[in-house]
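Me: I have a structure open and would like to go through it piece by piece. Can you help me read it?
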Amino acid sequence: MSNLISVGFDNYIVKDRIIAVLNPESAPMKRMIQQAKEKSIAIDVTFGRKMRSVIVTDDGKIIISAIQPETICQRFDGQGIKKGDM
């Protein structure tokens, strides 16, 4: 299970497939999410909760999660990144 990351509510993805973990609040991100939904390449794992992060995979899939991007990054390598490192 070390190759999997929890994206909330007992949903996991393979961490080697992740190319970006993004904040969904900007207008370009909202357009990207809408286009992904129209193309049926968006996977919504929020269980009806507020969208807090968007995960882009190497095969072009978009995973919409209710978990903060910082939390997902911390789960990625066990330590994550510090806000000041960006």
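Me: Where is I63 found?
Reply: This is a predicted model, and in it I63 is found in strand 6, which covers residues 62-65.

Me: Is I63 buried or exposed?
Reply: I63 is buried, because its relative accessible area is 6% and the cut-off for buried is under 20%.

Me: What is I63 in contact with, leaving aside its neighbours within four places in sequence?
Reply: The contacts of I63 are I13, I43, V45, S53, V54, I55 and T57.

Me: And how far is I63 from A42?
Reply: In sequence, 21 residues separate I63 and A42. In space, their C-alpha atoms are 5.8 Å apart.

Me: OK, zoom out. How many helices and strands does the protein have?
Reply: There are two helices and six strands. Starting at the N terminus, the elements run β-β-β-α-β-β-β-α.

Me: What share of the residues is buried?
Reply: Of the 86 residues in the protein, 28% are buried. The protein exposes about 5,700 Å², and carbon and sulfur atoms supply 51% of that area.

Me: What holds paired strands to each other in general?
Reply: Strands of a sheet pair through backbone hydrogen bonds, in a parallel or an antiparallel way.

Me: So do strand 5 and strand 6 pair in the parallel or the antiparallel sense?
Reply: Strand 5 (residues 53-57) and strand 6 are antiparallel, with four bridges between them. As an example of residues across from each other, V54 stands opposite I64 in strand 6.

Me: What about strand 1 and strand 2, how many bridges join them?
Reply: Four bridges join strand 1 (residues 4-8) to strand 2 (residues 11-14), and the two run antiparallel. In that pairing, G8 has N11 in strand 2 as its bridge partner. The two strands form a hairpin with two residues between them.

Me: Which residue in that hairpin takes a positive phi?
Reply: F9 does, with a phi near 55 degrees. F9 lies in the loop between strand 1 and strand 2, and a relative accessible area of 35% makes F9 partly exposed. D10 lies in the loop between strand 1 and strand 2 too, and D10 has a positive phi of about 60 degrees.

Me: Why point that out?
Reply: Most residues other than glycine have a negative phi. F9 is a residue other than glycine, and D10 is not a glycine either.

Me: Is D10 buried or exposed?
Reply: D10 is exposed, because its relative accessible area is 66% and exposed means over 50%.

Me: Which residues form the nonpolar patch on the surface?
Reply: The patch is formed by L4, Y12 and V14, which together have about 220 Å² of accessible area. Y12 is found in strand 2 and is partly exposed, with a relative accessible area of 38%.

Me: New topic. How many salt bridges does a search of the whole structure find?
Reply: The search finds two. In one of them, the side chains of R17 and D58 meet at 2.7 Å, N to O. That pair links distant parts of the chain, with R17 in the loop between strand 2 and strand 3 and D58 in the loop between strand 5 and strand 6, 41 residues apart.

Me: And which side chain meets R17 at 3.5 Å?
Reply: That is D59, also in a salt bridge with R17. D59 lies in the loop between strand 5 and strand 6 and R17 in the loop between strand 2 and strand 3, so this pair ties together parts 42 residues apart in sequence. Through shared partners, the salt bridges join R17, D58 and D59 into one network.

Me: How accessible are R17, D58 and D59?
Reply: R17 is partly exposed at 36% relative accessible area. D58 is partly exposed at 46%, and D59 is partly exposed at 42%.

Conventions
Residues are numbered from 1 along each chain as its sequence is written. This is a predicted model: local features need pLDDT of at least 70, side-chain atom pairs count only at pLDDT 80 or more; totals for chains, interfaces and linings use all residues. Side-chain values use heavy atoms; hydrogens and water are left out. Buried means under 20% relative accessible area, exposed over 50%, partly exposed in between (1.4 Å probe, protein chains only). Accessible areas come from the Shrake-Rupley method with a 1.4 Å probe; for residues, only the protein chains shown count as cover. Contact means heavy atoms within 4.5 Å. Two strands pair if DSSP finds at least two bridges between them. Patches are made of residues with over 30% relative accessible area and no salt bridge: like charges are joined within 9 Å, nonpolar side chains (Val, Leu, Ile, Met, Phe, Trp, Tyr) within 5 Å. A salt bridge is a side-chain nitrogen of Lys or Arg within 4 Å of a carboxyl oxygen of Asp or Glu.
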